[in-house]
Amino acid sequence: MPSNDRETQNGDVPIIDLTTNEHDDQRPLLSDDVQQTGFNLSTPNVDTIRVPSITRYRLTNVLRSVLLIEFLTLLIIWFIGSMTHTLIDDIIHYQFTTSIFDLVCVSLCKMILLVILLTELETFSIARLYQADSNQAFILIRYLCKILLFLIAMSSLAFAIVKLVFVLQKSNLEKLYLSTVYLFVVFSSIEFIGVILMIPYLKLIKLLEQQKSSVQKKKVDLKRLFSLAKSERLLMSVAIVFLLISTITQVVQPYFFGKIIDGAITSDGMSVVNRNVIILFIVNCVGAAASAIRSWLFELSGQRLVCRLRQSILDSIVKQEVGFFDDTRTGELTNRLSSDTQVLQNAVTVNISMLVRFLLQIIGSLVVMFYLEVTLTLVLMVVVPLIILIAKLYGSIVQKLRKQFQDELAAAGTTAEESISNIRTVRIFGAENRISNHYSDNLLKSYGVGKKLAWNSGAFMGLVSFLTAGGIAIVLWKLTTGLFTSFLMYMLQVALAFAFLASLFTDFMQAVGASERIFDLLDRQPKIPATSNSQSCIKPMDFDGHVRLEKVCFTYPTRSDQRVLHDITFEIKSGQKIALVGPSGGGKSTIASLLERFYDPDSGTIYFGSNPLKSIDPKWLRENVSFVNQEPSLFACSIRDNITFGLDRIDITLDEIQEAAKQANAHDFIEKFENKYDTLVGERGVRLSGGQRQRIAIARALLMSPKLLLLDEATSALDAESEHLVQEAIERAMIDRTVLVIAHRLSTVRNSNSVIVIDHGTIVEQGTHDFLISKDDGIYKKLVLRQLMAGNDSITTDE
Ligand SMILES: Nc1ncnc2c1ncn2[C@@H]1O[C@H](COP(=O)(O)OP(=O)(O)OP(=O)(O)O)[C@@H](O)[C@H]1O
């Protein structure tokens, strides 16, 4: 069930108002509404309802805008007209067939009344949302509002048509005046159709101020999304100049094309044809060059932008604390790096260019069309949206009727099937006629729906044909062949531009979703800093390896109900080797993770020398503490690069690398490779054996010369030779260092100064190997005895 939150994340803006059926005034909104609207409103309680954030791009707001545009346009035309005769003149000597004053008044009144009614209906809807019981008074007022809405829109249209009819009967009309009346008819028709379409669905929820947050977030994100392109503004400005040039060339082409055709069919027109063909050729060449440069520059700025963005995202990802990665899937993060950034790249460069281009194309084409023939353009502006609206209306009606038809047909089918399969029973009871009548009843119902379908289909085809034929008749009657061709080409340009704009809207919404996810990531501050970012971080220069854990308790963020460590207190003195042993899952690796500050303890403190770990510079920590874990992962680069992975300095010599590799028992096998230290290890080091990987990881840790070495001994099965080599490397690595080793082998434990036995997150025993083995009934003793009996060296057991 999509919740509002999820919608916001995905960036999907619900386009249609919250809708319900008429009869649901009688019941609370139930699951159907959830499916229909995407919002769960089933519990109509003020406290528990999550009021959905509704889009600003909703039908009622479109209607409000149309009303405002209509009023402002008429007002401007009235003022322009006043240059010839004063505004007052138009009022005092008012004439139905020559004044604009009445149109302005009707438009103003209509705007005020419709806006009030729409707002009222929205308010009722939100009030109803909060009320479990239906309120008769509410319902009545709602119906009244809807009726008024319809009547006002219809009256305005009727007035417009009457005025047009009267005006057309007059001769010597001013072109501007006639156009204004046409314009008023267009607007009134659009509003009337809008109101009719809206009334059955109007259950709009008015968004309360305090609940606008998610809409506002979207707004901010859109702004921020475009701010990404800021650093490319120079490139993009140049690109926009070329975009303007290429769009202008595209807009003027049909005009010259028309001229060529007109010239070709007139007897003395060859010189006109020649001239215009040359102009068209030059225009085309300029357009092609401008398109090429525009496309190159937009693509280039897009590529630059996405590179920067990907870099910032990766920087932000790798800065996050380890707990973040426990919680976030790798695929999700790589998706943000690849597909989300790709979506953004298109949105802020190519899509912007397309948006500007198509808008200019529409405006430019309309301007030229108006220039060529005002009346005709106005007629087309009425006919085309009208056909689109009618098609939409027809589509929704047919969809409903088809479903009804299928249901009725299915019922008839069931009757027939039942009768045929139970024919013996039918025969026994002589029920043939009854069955036939029953079937006929069902058929009649489906036939009834079929009749409606047929009627609607006829009406639709008739209306569309009439409008199209009417439009074409006017075009043919009014225009020369050349003009006709230009007109058709312009219409095509406008229609295509609208179609592309619709798909661009979807792309932008997708980009808003992607940008939300990306900005969430870019803005995320790691809970544990990965880099030194403040002056207050300490770099304890006198650190000698002495570490103390005091009453450390810890729970993994992803498993908050299970505490992993309880009151762990112990210390590792400088130069000591401490072995952590205990059953699997007891919490040994977790202690090492805390010392690496992958996580922070819930309570208690870890001290490095006298400094709490939280106050220590993260960079210093990485340089002075090395961790070799059970299954070390290598990077898909050369052995040399893997060994020097942790080092910042670039002046590292091959001798130093070889020395570390020798200590880690890795030098000999590396030398046997054809490319020696430049051998590529493959993804995650797959081209090396487990033992070789471990020895390279040990070399990598040793090269850092850490003051504290954390070792997690491998339990993975290695052959005897490899195991011996790894073990030897580990023992060598421990010499002259402070070491905490998660020990799985008796030999390692024996060599350590102290053994700490961890079970179920607590320290259950602590002391030297000899002391612990001498204890009767001790866990450590049991572990050792068990593995001695099993005849191996491993002291780790599963719980
Ligand atoms: N990233 C994690 N998120 C949630 N729980 C975890 C995580 N890592 C370990 N755990 C849990 O914490 C507990 C202690 O795990 P830990 O790896 O510290 O045990 P261990 O003693 O090192 O075991 P082993 O010897 O098998 O490596 C286990 O119950 C484990 O399931």
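Is histidine 760 buried, exposed or partly exposed, and how many other C-beta atoms lie within 10 Å? I looked that up to begin with: histidine 760 is partly exposed, with 15 other C-beta atoms within 10 Å. My cut-offs: a residue is buried with 20 or more other C-beta atoms within 10 Å of its own, exposed with 12 or fewer, and partly exposed in between, the C-beta atoms being placed from the backbone.

**Ground rules**

I am reading a predicted model, where local features need pLDDT of at least 70, side-chain atom pairs count only at pLDDT 80 or more, and totals for chains, interfaces and linings use all residues. Residues are numbered from 1 along each chain as its sequence is written.

**Confidence**

I checked pLDDT, the predictor's confidence in each residue, from 0 to 100. The protein chain has a mean of 77, and 81% of its residues reach 70 or more. Of its elements, helix α2 (residues 31-37) has the lowest mean pLDDT, 33, while β1 has the highest, 92. I noted that pLDDT is below 50 over residues 1-54, a stretch with 94 contacts in the model beyond near neighbours in sequence. Residues 204-216 are also below 50, with 30 such contacts. A contact here is two residues whose C-beta atoms, placed from the backbone, lie within 7 Å. For the model scores I wrote down ipTM 0.96 and pTM 0.60.

**Whole chain**

I found 26 helices and ten strands in the protein chain. These are DSSP runs, numbered from the N terminus: helices are H or I with at least four residues, strands E with at least two. Of the 799 residues, 30% count as buried. Among contacts with a separation of 6 or more, 79% come from residues 24 or more positions apart.

Does the span of α10 agree or disagree with its 50 residues? Helix α10 covers residues 270-319 and should span 74 Å at 1.5 Å a residue; its end C-alpha atoms are 72 Å apart, which agrees. The expected span is 1.5 Å times one less than the number of residues. I listed its buried residues too, among them Asn276, Arg294, Phe298 and Ile317.

**Around the ligand**

I counted 13 residues surrounding the ligand, the closest being Tyr556, Ser584, Lys588, Ser589 and Thr590. To be near, a residue needs its C-beta atom, placed from the backbone, within 6 Å of the molecule. By class, the shell has two nonpolar, eight polar and three charged residues. The classes go like this: Ala, Val, Leu, Ile, Met, Phe, Trp, Tyr, Cys and Pro are nonpolar, Asp, Glu, Lys and Arg are charged, and the others, Gly among them, are polar.

Which helix gives the most to this shell? Helix α17 (residues 588-595) does, with three residues. Seven of the eight residues of α17 are buried, so this helix is largely enclosed by the rest of the structure. Lys588 and Thr590 are among the buried ones. After α17 comes arginine 597, with a positive phi near 55 degrees.

**The four-strand sheet**

I traced an open sheet in the order β2-β1-β4-β5, with antiparallel pairing. β2 (563-572) and β5 (611-612) stand at the edges with a single partner strand each, so one side of each is left without a neighbour in the sheet. Two strands pair if DSSP finds at least two bridges between them. Strand β1 (residues 547-555) and strand β4 (residues 603-608) pair over five bridges, and cysteine 553 stands opposite serine 603 in β4.

Isoleucine 572 sits in strand β2. It counts as buried because 21 C-beta neighbours lie inside 10 Å. Leaving aside neighbours within four places in sequence, isoleucine 572 is in contact with Val547, Ile578, Thr738 and Leu740. I also looked at leucine 708: it is 136 residues from isoleucine 572 in sequence, and 9.6 Å away in space, C-alpha to C-alpha.

**Positive phi**

Most residues other than glycine have a negative phi. Lysine 551, in strand β1, has a positive phi near 45 degrees. Lysine 551 is exposed, with 12 other C-beta atoms within 10 Å.

Back to histidine 760: I place it in the loop between β9 and β10, with a positive phi of about 50 degrees. β9 and β10 form a hairpin with two residues between them. Strand β9 (residues 754-759) and strand β10 (residues 762-767) pair in the antiparallel sense over five bridges, and isoleucine 758 stands opposite isoleucine 763 in β10.
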